[in-house]
Amino acid sequence: MSNLRQEFIAFSVEAEVLKFGQFTTKAGRLSPYFFNAGLFHDGATLGRLAQFYAQTLLDAGVEFDMLFGPAYKGITLASSTAVALAAKGRNTSFAYNRKEAKDHGEGGTIVGAKLQGKVIIIDDVISAGTSVRESVEMIRAAGAEPAAVLIALDRMERSGKDGALSEGSAVQQVAKEFGIPVISIANLEDLFTYLSGEGAGAELGQHKDAVAAYRTRYGV
């Protein structure tokens, strides 16, 4: 596991954004961990999160002209990542969408820079892929090109009900459907490696077996 990935998992645990125990997901599954990027809600943690997004994007080597954040979480993520990129010497524009079209002022559903060139879609996670699908449609409708999706955590998890699970994970399905890479700061494998290491400590390490069992049941 790279230092950046290891640092991100540790940072998420420290910020209590990544928690362990028993949590019911939107799909109705009982998960041994829960990741909620909405809890990066102060200046210090959001600023550090943006640094992880920015560095991961730069390390990926993907060509891009601007960022796009799907409402609602993506709005903060795209704007803060643009600030972090500028601090690293890469000044780039960003845009986001509003849920309801505005009929005055600038109007429409897109706020910020004009969608053009190669666009990076930034979000927290991919569950059903709905926000990515909507984002791709908006970007292409504007004559721009979706270049990649950048997320915080790839759960590496199949969708569907037990006995009828999807062939690939939500991330794999998005990448295949739109023909664009999905880049994550960290993934479930990194999380498991973290729990297996000394840095996690005995208290967190006790959740390793539960995460392993969940990965065996639903993972790719």
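UniProt, in an unreviewed entry, places the feature "binding site" at Phe34, Phe35, Ser127 and Arg155; such annotations may be inferred rather than shown by experiment. They span 122 residues in sequence, yet no two of their C-alpha atoms are more than 12.9 Å apart, so they gather at one spot. This is a predicted model: local features need pLDDT of at least 70, side-chain atom pairs count only at pLDDT 80 or more, and totals for chains, interfaces and linings use all residues. Residues are numbered from 1 along each chain as its sequence is written, and side-chain values use heavy atoms, leaving out hydrogens and water.

**Phe35**
- Phe35 sits in strand β2 (residues 30-35); strands are DSSP runs of E, at least two residues, numbered from the N terminus.
- Phe35 counts as buried at 11% relative accessibility, where buried means under 20% relative accessible area (1.4 Å probe, protein chains only).
- Leaving aside neighbours within four places in sequence, Phe35 has contacts that include Phe8, Val17 and Leu153; contact means heavy atoms within 4.5 Å.

**Arg155**
- Arg155 lies in the loop between β7 (145-154) and α5 (170-178); helices are DSSP runs of H or I, at least four residues.
- At 18% relative accessibility, Arg155 is buried too.
- Beyond neighbours within four places in sequence, Arg155 is in contact with Thr25, Ser31, Tyr33, Leu188 and Tyr214.

**Helix α3**
- Helix α3 (residues 73-87) has 15 residues.
- Its buried residues include Leu77, Ala78 and Leu85.
- Just after α3, Gly89 takes a positive phi of about 90°.

Methods: Expected span 1.5 Å × (residues − 1). Buried < 20%, exposed > 50% of the residue type's maximum accessible area, 1.4 Å probe, protein only.
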